[in-house]
Amino acid sequence: MVCAGAAGWLGSARDRRPVRRARGLLGTGKTAVGGLGGRAGPWWFGQVRRRRRVGREWWCLAVGLVVAALGASVVPLLIGAAGVPVVRRAVGAGARRRARERRVDEVIALCGVLAGEVRAGRQPVQALFTAARDTGGLGDAHARVLAAGRFGGDVPTALGVAAREPGAEGLSGLAACWRVAVDRGAGLARGLERLEGSLRAERDQRAEMRAQLAGARSTAVMLAGLPVLGLLLGSALGAAPLRVLLHTGAGLGCLTVGGLLEGAGLWWALRIVRGAERT
């Protein structure tokens with residue numbers, strides 16, 4: 001069944017390739033070449049990334065189906081189905097964390113480029129246009145901030161609104177520097193350079209903390225996988241652990257209690273790691 005589903009999926013993807021290639025070459029549709037928003041790259045790269053992001057959690061159901069077939073029981077299939085939303089939530093949290101980190105990098109780059117443009121003698125509004133175009137540090141508020149600068153609006157307020165996005169908190173510092181420079185005539189470039197250094201130091205500190213906690217996170221995940229290794233060893237020795245766990249009352253009780261303890265322990269260990277990262 002798995003092989004038949006994979007063959008059908010590949011066949012349908014192959015049938016749609018000429019249409020996708022034509023859209024990529026002609027620039028039609030909602031996105032530009034390759035579905036990457038105008039960035040250069042193979043035409044199929046965006047589709048592969050999108051499918052990988054959408055379908056990763058369904059591996060739980062596939063593994064549950066295989067184990068259910070091996071153990072002649074529907075219990076693993078139900079467990080795999082229950083694990084789909086959990087894995088989807090974890091994958092979504094990881095994607096949001098990576099997006100936040102990219103946003104932080106863009107804001108830092110925006111401050112650096114803006115400081116350099118102001119040092120070179122450009123007006124702050126023109127420098128902001130150039131920095132935003134080169135770095136993308138304004139994110140979804142790009143049009144709002146540039147409109148405020150172009151038509152004489154309140155640029156600090158627009159930057160403050162943009163700072164509400166996850167990872168863009170540094171824009172509130174940029175808004176403060178902009179307000180002080182306009183109202184009091186202070187040096188904008190110096191304030192931006194200090195802001196960039198502060199944001200960069202904070203980012204490096206978070207990265208160092210995450211690297212130090214990577215060992216604890218990996219250890220927790222490895223310990224969580226030891227029961228699976230035990231099942232494999234028992235099967236290799238001929239003890240038939242799946243038959244005991246899935247077809248006897250004591251085995252089902254052990255599976256339920258062990259699964260609850262396993263989930264609680266993993267959740268608690270990762271909660272400690274996340275708390276240390278936030279601190």
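Glu101 is partly exposed, with 28% relative accessible area, in what is a predicted model. The exercises below start from this residue.

**Exercise 1. Find the salt-bridge partner of Glu101, and state how the two residues are placed along their helix.**

Step 1. The partner of Glu101 is Arg97, and the closest N and O atoms of this salt bridge are 3.0 Å apart. The cut-off for a salt bridge is 4 Å, so the pair qualifies.

Step 2. Both residues belong to helix α4 (residues 75–119), where they stand four residues apart, about one helical turn. In general, an α-helix has 3.6 residues a turn, so residues three or four places apart point the same way.

Step 3. Arg97 is partly exposed, at 37% relative accessibility. Glu101 is partly exposed too, at 28%.

**Exercise 2. Describe the salt bridge between Asp105 and Arg203, and say which elements it ties together.**

Step 1. In the salt bridge of Asp105 with Arg203, the closest N and O atoms are 2.9 Å apart.

Step 2. Asp105 lies in helix α4, while Arg203 lies in helix α9 (residues 188–224), so the pair ties together parts that are 98 residues apart in sequence.

Step 3. Asp105 has a relative accessibility of 35% and counts as partly exposed. Arg203 is also partly exposed, at 22%.

Step 4. Arg203 forms a salt bridge with Asp204 as well, with the closest N and O atoms 3.7 Å apart. Asp204 is partly exposed, at 39% relative accessibility.

**Exercise 3. Is Arg103 buried or exposed, and which residues does Arg103 touch?**

Step 1. Arg103 is found in helix α4.

Step 2. The relative accessible area of Arg103 is 8%, so the residue is buried. The cut-off for buried is under 20%.

Step 3. Leaving out residues up to four places away in sequence, Arg103 touches Gly136, Gly137, Leu138, Gly139, Ala162, Glu165, Pro166, Gly167, Ala168 and Leu171.

Step 4. One of these contacts, Ala162, is also among the buried residues of helix α7, the topic of the next exercise.

**Exercise 4. List the buried residues of helix α7 and work out how they are arranged around the axis.**

Step 1. Helix α7 spans residues 155–162, and its buried residues are Val155, Pro156, Ala158, Leu159 and Ala162.

Step 2. These residues cover an arc of only 160° around the axis, and therefore lie on the same side of α7.

**Exercise 5. Characterise the aromatic pair of the structure.**

Step 1. The structure holds one aromatic pair. Its members are Trp267 and Trp268, with ring centres 6.0 Å apart and 50° between the planes.

Step 2. Planes under 30 degrees apart would count as stacked and over 60 as edge-to-face; at 50°, the pair is tilted.

Step 3. Trp267 is partly exposed, with a relative accessible area of 48%. Trp268 is likewise partly exposed, at 48%.

**Exercise 6. Describe the surroundings of Gly64.**

Step 1. Gly64 is found in helix α3 (residues 59–71) and is buried, at 5% relative accessibility.

Step 2. Gly64 and Gly80 are 16 residues apart in sequence, yet their C-alpha atoms are 4.6 Å apart in space.

Step 3. Not counting residues up to four places away in sequence, Gly64 touches Pro76 and Leu77.

**Exercise 7. Summarise the protein as a whole.**

Step 1. The protein has twelve helices and zero strands.

Step 2. Of its 279 residues, 26% are buried. The protein exposes about 17,900 Å², and 63% of this area comes from carbon and sulfur atoms.

Step 3. Among contacts between residues at least 6 apart in sequence, 53% join residues at least 24 apart.

Technical notes:
Residues are numbered from 1 along each chain as its sequence is written. This is a predicted model: local features need pLDDT of at least 70, side-chain atom pairs count only at pLDDT 80 or more; totals for chains, interfaces and linings use all residues. Side-chain values use heavy atoms; hydrogens and water are left out. Rings of Phe, Tyr and Trp (its six-membered ring) pair if their centres lie within 6.5 Å; planes under 30 degrees apart count as stacked, over 60 as edge-to-face and the rest as tilted. Buried means under 20% relative accessible area, exposed over 50%, partly exposed in between (1.4 Å probe, protein chains only). The arc is that of the directions from the helix axis to the C-beta atoms. A salt bridge is a side-chain nitrogen of Lys or Arg within 4 Å of a carboxyl oxygen of Asp or Glu. Contact means heavy atoms within 4.5 Å. Accessible areas come from the Shrake-Rupley method with a 1.4 Å probe; for residues, only the protein chains shown count as cover.
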